[in-house]
Amino acid sequence: MFAFLHKYASLMHFYRLSARWSGWLALATALLMAYGLYGGLVTAPADYQQGDSFRIIYIHVPSAWMSLFIYMCMAGAGAVALVWKIKLAEIWLRASAPLGASFTFLALVTGSIWGKPMWGTWWVWDARLTSELILLFLYVGIMALDNAIEDRRTGARAAAVLTLIGVVNIPIIHYSVEWWSTLHQGPTVSKLDRPSIHIDMLIPLLVMAIAFTTFYFAAALARVRGGILAYDRNTNWVRELVGREAARGHG
Amino acid sequence: MAEFLAMGGYGAYVWSSYAITALVLGINALLARRAERTALQALAHDLTGDDDDATA
Amino acid sequence: MSMAGVFAAVVRRELRRAARSQSEALYPLIFFVLAVILYPFALGPDPALLARVAAGVVWVAALLAASLSLDTLFRNDYGDGSLELVVLSGAPLALVALAKASAHWLLSGVPILLLAVPLALALELGGTTLVILLASLALGSACMSLIGTAVSALTVGLRGGGMLLAMLILPLYIPLLIFGAAATSNAALGLGAAAELYFLAGLLVLAVTLTPWATAAALKIRMG
């Protein structure tokens with residue numbers, strides 16, 4: 001079983017295997033986003049209380065979900081990198097950090113913009129938004145630590161440790177809405193409960209969430225492929241690949 | 001169409017949110033593609049640079 | 001050497017070093033006092049206002065002082081090469097980490113607790129509220145030492161050192177701050193603070209069990 005996994009963890013195999021994935025993922029992202037945006041901006045009926053301003057939800061909630069999802073991916077990759085020393089996991093972690101930070105930033109900004117017509121204020125210090133703000137600093141810290149360490153591999157593994165230390169913060173973020181009564185809306189979708197929003201409003205939300213996810217995998221994959229070449233720069237397969245590229249450039 | 005843009009009076013909020021999102025995701029997409037391309041090109045450049053030294 | 005022996009040896013070494021270079025141990029405490037007394041200058045000496053902000057002010061100053069004092073935790077060992085030796089020697093690093101954190105708490109956390117009493121009183125915070133403040137700080141400062149040891153191990157010897165350490169650590173401290181301040185403000189309002197204190201105690205248990213391993217991993221990665 002581990003031989004099977006190790007084959008896929010092999011940088012060369014992954015690089016070759018993933019050559020077409022980026023394209024497909026980008027296409028899927030474009031299609032899903034088109035469908036989701038149309039559903040969210042056009043088809044979904046205006047909210048009874050918030051009117052059309054609620055349409056920001058189609059960016060805000062998927063961004064918030066991604067900010068947490070990507071962090072969990074990083075924590076998983078970090079654990080794999082530390083325990084099994086798999087280089088691909090290190091590269092995946094470093095590739096994910098700026099994407100996670102971007103989605104966290106978007107969740108905060110759209111949350112703030114949405115808050116102005118909803119609550120009359122640009123910012124409320126409630127548990128959910130505040131925890132998202134802390135998450136942004138966690139992301140920035142991980143990127144700063146990785147950046148401060150010169151050796152690529154040491155930096156990735158140090159970032160992995162920091163990611164795992166921070167992951168304890170994630171349950172506090174996730175359950176903060178339940179722990180404290182806040183101004184922020186209750187969770188709109190839960191695994192077990194029926195969602196509290198109308199189905200026509202819900203579907204574009206889920207579609208946008210999937211679209212953001214494919215976007216993350218597409219962008220992360222591109223970075224990972226670049227990272228693989230850097231990690232394996234001295235191996236034969238990369239040298240051959242580079243040689244062909246150089247020949248194309250000169251040919 | 002004007003109604004669509006106005007978003008029931010909330011147009012500025014809705015469209016600025018979507019615009020910022022498009023900007024941030026767009027930058028991420030560009031940087032990601034650039035990371036993939038320049039990795040290969042930089043290594044190729046190193047290689048050809050070495051070759052030049054070898055022939056000199 | 002037994003586990004207890006290793007633990008005691010590390011703690012004793014830290015205490016002895018602090019006794020030798022007292023300034024290193026004292027500066028964060030002086031900073032703590034300074035940070036607190038800045039606020040009356042900033043906000044005015046109105047007793048009612050000071051009483052309201054006292055708990056938060058003391059907590060924030062404690063966080064900042066802790067971040068500063070953690071910078072030197074591994075620095076001397078890193079500088080003279082002994083840290084690398086310890087890591088390569090096969091010593092039980094998690095135990096060493098726990099000992100380092102305990103020593104840090106003794107040298108930094110406990111003095112802050114003691115200093116918090118006159119400072120809180122000067123900010124018009126007393127009675128049961130003060131007791132709850134101290135309880136929350138006791139639990140919180142122990143967590144700070146434990147978490148801080150791990151992050152300090154990650155950043156040892158890096159350029160940007162102290163500021164980078166503070167930047168990484170303060171977000172991790174915020175949950176402590178939230179519950180510590182909530183406990184104290186509840187007490188000030190005459191409400192129960194048990195839930196918040198239990199939560200801090202829970203975080204402490206989590207920190208004691210997990211952070212030594214994180215520190216050990218960090219040391220192996222940075223020094224290996």
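User: Hi! Reading along the sequence, what pattern does chain A follow?

Analyst: In this predicted model, chain A reads α-α-α-α-α-α-α-α-α-α along its sequence. That comes to ten helices and zero strands.

User: How much of chain A is buried?

Analyst: Of its 251 residues, 46% count as buried.

User: And what share of the contacts in chain A comes from residues 24 or more positions apart?

Analyst: Taking contacts with a separation of 6 or more, residues 24 or more positions apart account for 78% of them in chain A.

User: Let's pick two helices. At what angle do H5(A) and H7(A) cross?

Analyst: Their axes cross at roughly 70° and come within 9 Å. H5(A) and H7(A) are therefore roughly perpendicular to each other. As for handedness, the crossing of H5(A) and H7(A) is left-handed.

User: Which residues make that contact?

Analyst: From H5(A) you have A:Glu90, A:Leu93 and A:Arg94. H7(A) brings A:Arg153, A:Ala156, A:Arg157, A:Ala159, A:Ala160 and A:Thr163. Sorted by class, the contact of H5(A) with H7(A) has four nonpolar, one polar and four charged residues.

User: Switching to the other chains. Of the two pairs of chains in contact, which share the most contacts?

Analyst: That would be chains A and B. There, 32 residues of chain A are in contact with 24 residues of chain B.

User: Which helices of chain A each supply at least two residues to the side touching chain B?

Analyst: Helix H5 (87-119), helix H9 (199-231) and helix H10 (236-250) of chain A each do that. H5(A) gives the largest share, ten residues. By class, this side of chain A has 17 nonpolar, eight polar and seven charged residues.

User: What is chain B made of, helices or strands?

Analyst: Chain B has two helices and zero strands. Of its 56 residues, 25% count as buried.

User: How far apart are the nearest C-alpha atoms of chain B and chain C?

Analyst: They are 24 Å apart, and chain B and chain C do not touch.

User: OK, then how many residues go into the contact between chain A and chain C?

Analyst: That contact takes 20 residues from chain A and 19 residues from chain C. On the chain A side, helix H6 (127-148), helix H7 (152-167) and helix H8 (169-179) each supply at least two residues. The largest share of that side, eight residues, comes from H7(A).

User: And which classes are those chain A residues?

Analyst: The side of chain A that touches chain C has 15 nonpolar, four polar and one charged residues.

User: Tell me about chain C itself. How many helices and strands are there?

Analyst: Chain C has nine helices and zero strands. Its radius of gyration is 18 Å, close to the 17 Å that the globule rule gives for 224 residues, so chain C is as compact as a globular protein of that length.

User: What does the C-alpha trace of chain C span?

Analyst: Along its principal axes, the trace spans about 55 × 35 × 30 Å. Of the 224 residues of chain C, 46% count as buried. Among its contacts between residues at least 6 apart in sequence, 82% join residues at least 24 apart.

User: Can we zoom in on one residue? Where is C:Cys143 found?

Analyst: C:Cys143 sits in helix H7 (residues 127-155) of chain C.

User: Is C:Cys143 buried or exposed?

Analyst: C:Cys143 counts as buried because it has 27 C-beta neighbours inside 10 Å, and the cut-off for that is 20 or more.

User: Which residues does C:Cys143 touch?

Analyst: Not counting residues up to four places away in sequence, C:Cys143 touches C:Leu176, C:Leu203, C:Leu204 and C:Ala207.

User: Last one: at what angle do helix H3 and helix H6 of chain C pack?

Analyst: H3 (residues 47-70) and H6 (residues 93-122) of chain C pack at about 155°, with their axes 11 Å apart. That angle makes H3(C) roughly antiparallel to H6(C). H3(C) passes H6(C) in a right-handed crossing. Residues in the contact include C:Ala54 and C:Val58 of H3(C) and C:His104 and C:Ile112 of H6(C). By class, the contact of H3(C) with H6(C) has ten nonpolar, three polar and no charged residues.

Note on methods: Residues are numbered from 1 along each chain as its sequence is written. Chains are lettered from A and ligands numbered from 1 in the order in which they are written. This is a predicted model: local features need pLDDT of at least 70, side-chain atom pairs count only at pLDDT 80 or more; totals for chains, interfaces and linings use all residues. Helices (H or I, at least four residues) and strands (E, at least two) are DSSP runs, numbered from the N terminus. The radius of gyration is taken over C-alpha atoms; the globule rule is 2.2 Å times the number of residues to the power 0.38. A residue is buried if 20 or more other C-beta atoms lie within 10 Å of its own, exposed if 12 or fewer, and partly exposed in between; C-beta atoms are placed from the backbone. Two residues are in contact if their C-beta atoms, placed from the backbone, lie within 7 Å. Ala, Val, Leu, Ile, Met, Phe, Trp, Tyr, Cys and Pro count as nonpolar, Asp, Glu, Lys and Arg as charged, and the others, Gly among them, as polar. Axes are lines fitted to C-alpha atoms, for helices over the stretch in contact, and angles run from 0 to 180 degrees between N-to-C directions. Angles under 35 degrees count as roughly parallel, over 145 as roughly antiparallel, 65 to 115 as roughly perpendicular and the rest as oblique. A crossing is left-handed if the near helix is turned anticlockwise from the far one by less than a right angle, and right-handed if clockwise.
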